Amino acid sequence: MQAIQSQLFGLREYLSPVLKESKFKEHGRITPEEFVAAGDFLVYKFPVWSWEKGDDSKARDFLPKEKQYLVTRGVPCLRRAQSLAYTDADEDAERLLSFGDGANAGEGEEWVETHAGRKAAMNPASDSAGLAEIPDDDGDDVARGVGNLSLGGGQGESNDTPDLDDIPDMEEEDLEEGDEATAKPKPAASATTAGAGSNQPDPSKSNLLQVRTYDVMITYDKYYQTPRVWLIGYDENGKPLTPPQIFQDISADHAQKTVTIEPFIHSASLQAASVHPCKHSSVMKKVIERMNNSVVAEQLAQQTKASPPSSSAAGKESSSSKRKWFGRKSSGTTKEAAAAEDEEGPEGMRVDFYLVVFLKFIASIVPTIEVDSTTSF
Amino acid sequence: MPILQFAPFSSIVSPAFWHKLTDLKIDVLKLSDESLPITGTYTAGKSITDRETGKEVVLSTNFSVGGESFDVAHVQRSGELASSLASTSNTITATGSFKNFNTIEEFKSVDKTKFFNDEAQKIWDSIITTKSTTELTRFFLITFADLKKYKYYYWFAFPAFVSKPAWEIGDEGWKDAVDVLSRDDLSSINTQIRSQDTLPAFFLVKRSGLSVSVAKVEEYESFFQGVPAEQRIVSFIDPSADPSNPGWPLRNLLAYLHALYPKETTSVLVLRWRDNEITTATPNTHWKSQVGTVFLSGDAATTTDKPSAVGWERNPQGKLGARLADLAPMMDPTRLAAQAV
């Protein structure tokens, strides 16, 4: 069924024309050229991202051959999305975040951050409670997966011991002698607590935190004319995650509704979890509208100050980088911004920022996967 | 002084790798089990601030192979330059060899010690004969693919030479690089290594006057001519974010230096570089790189015979054994159909 659906969507995407006109402010949609521009900016500012060419046979001709999609690997995911479930108790913990830069900030530009000041609510009980929500309608496998996981949750044992019968008996402890200069193999869950006497950290009181990692890909969806996100997950031992495990990291509102497992469009056979892009453009439109207003206001304010023009590309680049309104920790860098601001009229938000904003939006769907590297810098 | 311990690599195999292997096995390799060249990548060690506790969480020292890992075979065959494999600005590409066995019995019974020693010998030869650092992080991977069940058995090894006596770290341990070098120096190093075509896995740093300069490790003698031993900085992209254990590549780098320059390297000032993701340094940049001095005490043998090597990856249970990737949930059509909404 889904195969047919995917085929259908593939056909639909194939038939739909390439968006030519820039419409990102009106509709939240972008053209392939804008996708490339925004991607270049993302790669430039945050080198954890890089362009990939993907499978040649799957290359899209409306994108440059070497810039088919964006990828970042090894994105950490410290805990499961269920541990962020929103309860009444959290309502008090909401906090307004200002994304404005300096003077214009504060006027209706706040975002609500939920869970502010929240303590790590990570305990085996809540974990397994969350796990129980996974539909176990596909029989043994999922049931076993769930069983394994809650076992892991309780004991800190490796829950990944695959069926022991499956692993051939081939431990060869005599293969090499003990080596004093090899750092002790740490169970991955406690890799975070490694290093005696150092300042690191058990990220939560309960000793069992799975540090999963994700490969995150951003492709361009020609039909919806928006970027689309794909996820491939690994558990703390580097084993690929199963679909039910991936759904644990997606907020309950989206798991199995807008997020599904589908063939990755730049590979002949790879399957990945994907956030369906049907609502992306309307969400992006809203976000961009708000940000644009503040950026325009700021740019107008800059113009009246009549600081010396610096219209070179480099000048723009640096002014872009100085604008920290997209960062969480936006602080008063007005002076810097003013100094470097370019003077080409209030062009508003530049499309380069599209993907940076997009990542903020994706971060709300996968709250525990740290895709939004733009804040951790 | 405490013995210097190195953080071993932990392998991450992208599902794309197994997909590619499946295709190769069916269409190209068939029953052949010859060794193939492959590549893998690592990046500077990552740590992340936990948003809930505000603490810094150190991630494991990952070494990844993916679908593109097999491309090196095509590149070599068609005689193109290895530069077409040019990695992106923040990854280091290491070469290795790959061998897929046709049966699980062969996979189990192969003489792994011989295999390991052969690979370690290649690294050693590259040190002694060509004095090149390109092979220092050489790895190998043996696999058995159970294509019908979508199960893949695999075992990585990252051979590293054992130093006798072992390297020791000074009592002061690893210090933040900003305590030793100035911010301008770090920024300058960052700019210099990032401006190269590919990010260098290993490099040398020296101060000359007010600036710092960077060079390839192969240029050790000429670059450090006239530089006092305590000011010679040897650096590498450190895949380990663990503040006390530098990453695995340093091990063979130290072996390399000690084999070629035994007199000058009983004490080495090491810079663990982890900041290559910084694009524009500001005065507030948080530099994560660390500096420490490592020593060899006692009389180190100065022989050109290959020292013993270690480096089989341990499985999740901490034993020396193969790992299993079960891709049925993501590859088996019937399972996928059940998953579909």
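The entries below start with the ground rules, then go through chain A and chain B.

**Ground rules.** I'm working with a predicted model, where local features need pLDDT of at least 70 and side-chain atom pairs count only at pLDDT 80 or more, while totals for chains, interfaces and linings use all residues. Residues are numbered from 1 along each chain as its sequence is written, chains are lettered from A and ligands numbered from 1 in the order in which they are written, and side-chain values use heavy atoms, with hydrogens and water left out.

**Chain A, the sheet.** I traced an open sheet of six strands in chain A, in the order 1-2-5-6-8-7, with antiparallel pairing. Strands here are DSSP E runs of at least two residues and helices are H or I runs of at least four, numbered from the N terminus; two strands pair if DSSP finds at least two bridges between them. At the edges I found strand 1 (50–52) and strand 7 (259–263) of chain A, each pairing on one side only. Neighbouring strands of this sheet are turned by 40° against each other on average, direction ignored.

Next I looked at strand 5 and strand 6 of chain A, which run antiparallel and are joined by nine bridges. A:Asp215 has A:Ile232 in strand 6 of chain A as its bridge partner. Helix 11 (residues 354–365) of chain A lies across strands 2, 5, 6, 7 and 8 of chain A, at about 50° to strand 6 of chain A. For such angles, axes are lines fitted to C-alpha atoms, for helices over the stretch in contact, and the angles run from 0 to 180 degrees between N-to-C directions.

**Chain A, two residues.** I found A:Gln225 in the loop between strand 5 (212–221) and strand 6 (226–234) of chain A. Is A:Gln225 buried or exposed? A:Gln225 counts as buried, at 12% relative accessibility; the cut-offs are under 20% relative accessible area for buried, over 50% for exposed and partly exposed in between, with a 1.4 Å probe and protein chains only. Not counting residues up to four places away in sequence, A:Gln225 touches A:Pro17, A:Leu19, A:Arg29, A:Ile30 and A:Tyr220, contact meaning heavy atoms within 4.5 Å.

A:Ile288 is in helix 8 (residues 280–305) of chain A and is buried, with a relative accessible area of 0%. Leaving aside neighbours within four places in sequence, its contacts are A:Phe24, A:Lys25, A:Met349 and A:Tyr354. I also checked A:Val357, which is 69 residues from A:Ile288 in sequence and 7.9 Å away, C-alpha to C-alpha.

**Chain B, overview.** I noted nine helices and 17 strands in chain B. Of its 341 residues, 57% count as buried.

**Chain B, a hairpin.** Strand 11 (residues 202–208) and strand 12 of chain B run antiparallel, joined by five bridges. They form a hairpin with two residues between them, and B:Gly209 in the turn has a positive phi of about 65°. B:Ser208 stands opposite B:Ser211 in strand 12 of chain B. Strand 12 (residues 211–215) of chain B has four of its five residues buried.

**Chain B, a helix pair.** Last, I looked at helix 4 (residues 112–130) and helix 7 (residues 249–260) of chain B, which pack at an angle of about 40° with their axes 10 Å apart. The contact is made by B:Ile123, B:Trp124, B:Ile127 and B:Ile128 of helix 4 of chain B and B:Asn252, B:Tyr256, B:Ala259 and B:Leu260 of helix 7 of chain B.
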